[in-house]
Amino acid sequence: MKKILSLAAVVMMLIGIIGTAAAYDSVEINGMVYRLSTTDNYTDLAKVEQQAKYLYEALADHPEVRTYVYLINSSRTVNVLEDVSAVPVVYEAIQKYFDKSTTDYLHLDSLEQYAEYYYTTDHHWNYKGSYAGYCQIIRMLLGPDEPLIEPAEEVTFPVKFNGSINRDLKLQDSKELFTVYRFDYPEMKIVINGVPKASYGNQQVYFDGKYSRLEKINHYAKFYGGDTGIVHIQTDRTDRGTLVVFSNSFSNPITQLLASHYHDLWVIDFRYYLAGQDKEFDFSEILEKGNVQVLLLGDGVFFSQTNPYHKLRHK
């Protein structure tokens with residue numbers, strides 16, 4: 001393993017999130033070059049604490065709701081090149097406010113594990129990382145005896161995935177083929193932004209071979225589903241309760257996995273919800289059904305963005 005010289009200091013405004021210049025580093029792990037988002041550009045503890053306070057105060061209005069917090073650890077939250085196994089400072093800041101909630105984060109024990117869980121050119125977790133997170137989250141939410149949805153098979157598509165970092169750097173030199181797990185999900189009713197949909201994302205489309213071979217395509221978003229304000233998935237598991245997830249794009253690969261364990265799943269992304277809805281999100285109708293859990297799920301950027309989560313309050 002060796003560190004590659006920094007590629008560039010790339011000016012990239014993170015709209016609505018942080019607004020600072022983003023720089024990238026690289027590291028070679030097992031013969032593959034991994035491009036990393038540097039921690040310093042994403043760890044603004046003042047904003048993390050401000051956001052945690054907003055979330056805490058909003059959810060404090062609903063003491064009957066069981067709240068869980070899961071931080072997706074990455075090069076945005078811990079300095080991978082210095083100590084990948086360190087407890088993320090973002091996680092410690094969040095815990096100050098959610099000390100009475102159940103909290104956890106994606107643990108990274110080594111650079112090899114980082115390489116196993118993340119794409120070479122993208123900040124998102126890959127199919128192995130997201131599945132590991134799903135397993136950890138379900139254990140946190142439903143306990144050690146809850147049966148997990150296991151992958152039916154591993155599928156590699158003959159197309160190279162140039163991720164978000166490569167796209168920012170205007171590069172198309174990825175050597176990584178886009179690989180996913182295929183799951184046999186239970187039957188689901190899916191509504192996105194109030195519109196019924198036949199599927200979430202384009203997973204079956206990919207499995208049918210009907211995907212673009214262009215290397216500039218964001219296959220993460222195309223396969224797992226792009227970011228939307230509100231997703232509602234319902235299953236036939238009427239004996240189960242409701243899970244409300246506040247998240248960003250990191251939830252996309254595990255949305256249907258989580259939905260498989262509940263009767264109702266709501267995924268809210270306020271980056272897009274407030275722009276696409278004519279009213280604030282209101283817990284009232286969901287709370288009336290009872291048996292509700294809330295999961296705050298995201299990476300360091302999710303926990304430091306400045307969106308008005310305090311509007312969760314219902315009157």
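**Questions on burial, salt bridges and cores**

Mentor: In helix α1, the buried residues are V48, Q51, A52, L55, A58 and L59. The model is predicted, so local features need pLDDT of at least 70 and side-chain atom pairs count only at pLDDT 80 or more, while totals for chains, interfaces and linings use all residues. Residues are numbered from 1 along each chain as its sequence is written, and side-chain values use heavy atoms, with hydrogens and water left out.

Trainee: What makes a residue buried, and what makes a run of residues a helix?

Mentor: Buried means under 20% relative accessible area, exposed means over 50%, and partly exposed lies in between (1.4 Å probe, protein chains only). Helices are DSSP runs of H or I with at least four residues, and strands are runs of E with at least two, numbered from the N terminus. Helix α1 covers residues 45-60, which is 16 residues.

Trainee: How does the reach of α1 compare with the expected span?

Mentor: The expected span is 1.5 Å times one less than the number of residues. From first C-alpha to last, α1 reaches 22 Å, close to the 22 Å expected.

Trainee: Why is the pair R35 and D173 called a salt bridge?

Mentor: The term requires a side-chain nitrogen of Lys or Arg within 4 Å of a carboxyl oxygen of Asp or Glu. The N to O distance between R35 and D173 is 2.8 Å, so the pair qualifies. R35 lies in strand β3 (residues 32-37) and D173 in the loop between α6 (164-168) and β7 (177-182), so the bridge ties together parts 138 residues apart in sequence. The structure holds 10 salt bridges.

Trainee: Are R35 and D173 buried or partly exposed?

Mentor: R35 has a relative accessible area of 10% and is buried, whereas D173, at 39%, is partly exposed. In another salt bridge, R271 and D269 meet at 2.6 Å. R271 is partly exposed at 25%, and D269 is buried at 4%.

Trainee: What makes a set of residues a nonpolar core?

Mentor: The members are buried Ala, Val, Leu, Ile, Met, Phe, Trp, Tyr and Cys residues joined through side-chain atoms within 4.5 Å. The largest such core has 59 residues, and L295 is among those with the most contacts inside it. The largest share of this core, eight residues, comes from α5. A second, separate core of 28 residues includes V90, Y91, I230 and F302.

Trainee: Which residue makes a polar contact with the side chain of H232, and what makes it one?

Mentor: The H232 side chain pairs with the side chain of D264 at 2.7 Å. A polar contact is a pair of N or O atoms within 3.5 Å; within protein, one must be able to donate a hydrogen and the other to accept it, and residues adjacent in sequence count only if both atoms are side-chain atoms. H232 lies in strand β10 and is buried at 16% relative accessibility. Contact in the wider sense means heavy atoms within 4.5 Å. Not counting residues up to four places away in sequence, H232 touches K189, I190, V191, D264, L265 and W266.
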